[in-house]
Each structure stands twice: as structure tokens, then as C-alpha cells.
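Colleague: Can you walk me through this model? I would like to go piece by piece.

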Amino acid sequence: MSASATQRLGEPDHERAREPRPPGHTHDAFALEVDDLWAGYPGQPPAIEAIDVRVPVGEIVGLVGPNGAGKSTLFKSILGLVEPLRGEVRAFGQPIRDARADVAYMPQIEEVDWDFPVSVNDVVLMGGYRRLLPFAGWSRDDRERATAALEQVRLAEYASRQVGELSGGQRRRVLMARAIARGARLLLLDEPFAGLDAAVQHDLLEILDELVKGGRSVLIATHDLACVASCSDDAICLNKRVIATGPPATVLTEEVLSRTFDRHLLTVGTVNLSLAHDEHLSAD
Ligand SMILES: Nc1ncnc2c1ncn2[C@@H]1O[C@H](COP(=O)(O)OP(=O)(O)OP(=O)(O)O)[C@@H](O)[C@H]1O
Ligand SMILES: [Mg+2]
């Protein structure tokens, strides 16, 4: 693609009906509050620095940033899977360690060991992370919730299949079903849409829509800027630090996206999204 050419990244076919916030509106309840969070890995400078995040109850907040920006590290440090260097995390007003039952986490698909011999149904039933250990003592309620969640992501007929036999998109849907089945009030979803076909992505967005209408709250990391523009109540641009945060229309600007994605130059409308001057997408 030439420097002047523009490649359409895709126009979302799903525009969420978002309640406009009245002027001067302040939220009285937050599902997630992150204050001055720093985290990283041994022997390296911090991967994320001074992060402040708010996820209001009943809203979707989209987290965007380039590869290596620290999105997954942010999720893991929120959950304590990566020990924060400093900072505070509260879910529903409580320290996160006291609210874990109310938080569901969908890891990035690459983080999960899919070779473990368990069925789709077992993965949806179990709440663990990384280790996919089967456990027989599920209540009828647990089982019904798992079945309903698998139906929601259109995988009911795969319930007894081994997870190792599933396609990438199906695995993602299994992880989504697991997050839904937990019944948690806050969902942390790390790239749930990558690699999904348009129809399944549309279905999952509708499911998220239903969940937030039912009062759930969602923090979602994604590379799909069009999705954030059309579906999120707020957007956060991250590149080691929070570059900007607020309603997508005010945050997803060319200036902010250029700073977030460094050398990339992006132009974004609220719904229509195009990307120009990106040699990675060159067609010629
Ligand atoms: N287990 C680890 N050990 C050491 N460094 C890590 C580890 N995981 C991530 N990092 C580093 O931390 C930084 C942030 O990585 P992270 O995975 O959080 O980025 P990301 O925004 O989720 O990227 P992507 O879009 O590729 O998923 C990167 O520089 C990465 O190399
Ligand atoms: Mg990541």
C-alpha cells in the first residue's frame, strides 16, 4: 500500500446502544479501580507504570495498545498473577483478593495449555487458570450454567469433545463460555475476538451486550479498534503508561493513536475506521 493509500480495517456491524451519560455525570459505583499500578518481570524495567483505570458498573471499557504495550501484564497484575511492584486494585470497592469470586478472567489464548486431556465441558466448569484440571464434584447448578454458557457461544454440541481437538476460534469461545459460566460481575477479557470469524464475533458482542445490560462490567483488551469505537463506553490507550482514557470518540483520535502506536499513523472516526501509512499492511 502506498503512503497515501488507506486500508479499511473493517466497519463493525454491531453498534451497541449506549446510554448517553448526562453532562456532569459521575459514577457512584466502580466494578474495578486501579490506582498507580506498576508491574513487571524480574530483571526488567517495569512493563506497566503508574496505571489508573476505572471500570464503572454495567459498562464496557476497551483497552487498546500495540504488542508489548502491557495489556496482558495489566490483567495479570490486577489479578495478582503477576505481583504488582506498587499500586492498589479494588473490585466492587474491596481489595481484589477479597473479591476474586466476583471476577472472571479470560486469558489470551496463547497462555493456556491446551494439551491437557479435558473436555470442553470441564474447562467451562473449572475456574482455574493455566492448569486445566478436571474435578467431578460440580453441582447441578454449575452444570446447568456451563451448558447454558456453551449454548450462548454456540458450542453445545462440542461439550464432550477434548479441548485439544478444537480450532483456535472454538477454543476462544470455550474460554468465553467459562468466563460467562462463572457468573462473576466483572469480566476481564484478554483479546477474546482475535481469530474469530465475523459471525462469531458478532454473536459474542451480542452476548457481552446482554451481560452488561444485566449489570455485568467488562474490561476488554483488543486490537480491534473498530470494536472499541462501537461497543465500549470508555476506551483506554495503553503503551506502558495510560496515554489517554475516556469516551471512545474523544480518545480514539489520530493524535492519541499516533502516540499510543508510536510510528503508526491512524485516523479513526467513531464508527468508520481506517489506517493509513502502515507499511505492515502494505499491499504493494
Ligand atoms: N513472562 C514474562 N517474562 C518476562 N517479560 C514478559 C513476560 N510477559 C510479558 N513480558 C514483557 O512485558 C511487556 C508487556 O507484555 P504484555 O504481554 O503485557 O503485552 P501486551 O500488550 O499484552 O501485548 P500483545 O498485544 O502482544 O498481547 C513486553 O515487553 C513483554 O516482552
Ligand atoms: Mg497480550
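Modeller: Helices (H or I, at least four residues) and strands (E, at least two) are DSSP runs, numbered from the N terminus. This is a predicted model, where local features need pLDDT of at least 70, side-chain atom pairs count only at pLDDT 80 or more, and totals for chains, interfaces and linings use all residues. Residues are numbered from 1 along each chain as its sequence is written, and chains are lettered from A and ligands numbered from 1 in the order in which they are written.

Colleague: Which residues of α4 are buried?

Modeller: The buried ones are Arg171, Arg172, Arg173, Val174, Leu175, Met176, Ala177, Arg178, Ala179, Ile180 and Ala181. Buried means that 20 or more other C-beta atoms lie within 10 Å of the residue's own; exposed means 12 or fewer, partly exposed is in between, and C-beta atoms are placed from the backbone. With 11 of its 14 residues buried, α4 is largely enclosed by the rest of the structure.

Colleague: What do the buried residues of α4 pack against?

Modeller: They pack against β7, α2 (120-125), α3 (140-152), β8 and α5 (198-213). Contact here means C-beta atoms, placed from the backbone, within 7 Å. Helix α4 covers residues 168-181 and lies across β7 and β8, at about 175° to β7. Axes are lines fitted to C-alpha atoms, for helices over the stretch in contact, and angles run from 0 to 180 degrees between N-to-C directions.

Colleague: What is the strand order in the open sheet of six strands?

Modeller: The order is β7-β8-β9-β4-β10-β11, with mixed pairing. Two strands count as paired if DSSP finds at least two bridges between them. β7 (103-106) and β11 (241-246) stand at the edges with a single partner strand each, so one side of each has no neighbour in the sheet. On average, neighbouring strands of this sheet are turned by 15° against each other, direction ignored.

Colleague: Do β7 and β8 pair in the parallel or the antiparallel sense?

Modeller: Parallel, over four bridges, with β8 being residues 186-190. Methionine 106 stands opposite leucine 189 in β8. From β7, Val103 and Tyr105 point one way and Ala104 and Met106 the other way, and all are buried.

Colleague: Switching to ligand 1, which residues are around it?

Modeller: Tyr41, Gln44, Ala47, Gly65, Asn67, Gly68, Ala69, Gly70, Lys71, Ser72, Thr73 and Gln108. Being around the ligand means that the residue's C-beta atom, placed from the backbone, lies within 6 Å of it. The shell divides into three nonpolar, eight polar and one charged. Ala, Val, Leu, Ile, Met, Phe, Trp, Tyr, Cys and Pro count as nonpolar, Asp, Glu, Lys and Arg as charged, and the others, Gly among them, as polar.

Colleague: Where is glutamine 108 found?

Modeller: Glutamine 108 is in the loop between β7 and α2. It is partly exposed, with 18 other C-beta atoms within 10 Å. Leaving out residues up to four places away in sequence, glutamine 108 touches Ser72, Asp190 and Glu191.

Terms used. Two residues are in contact if their C-beta atoms, placed from the backbone, lie within 7 Å.
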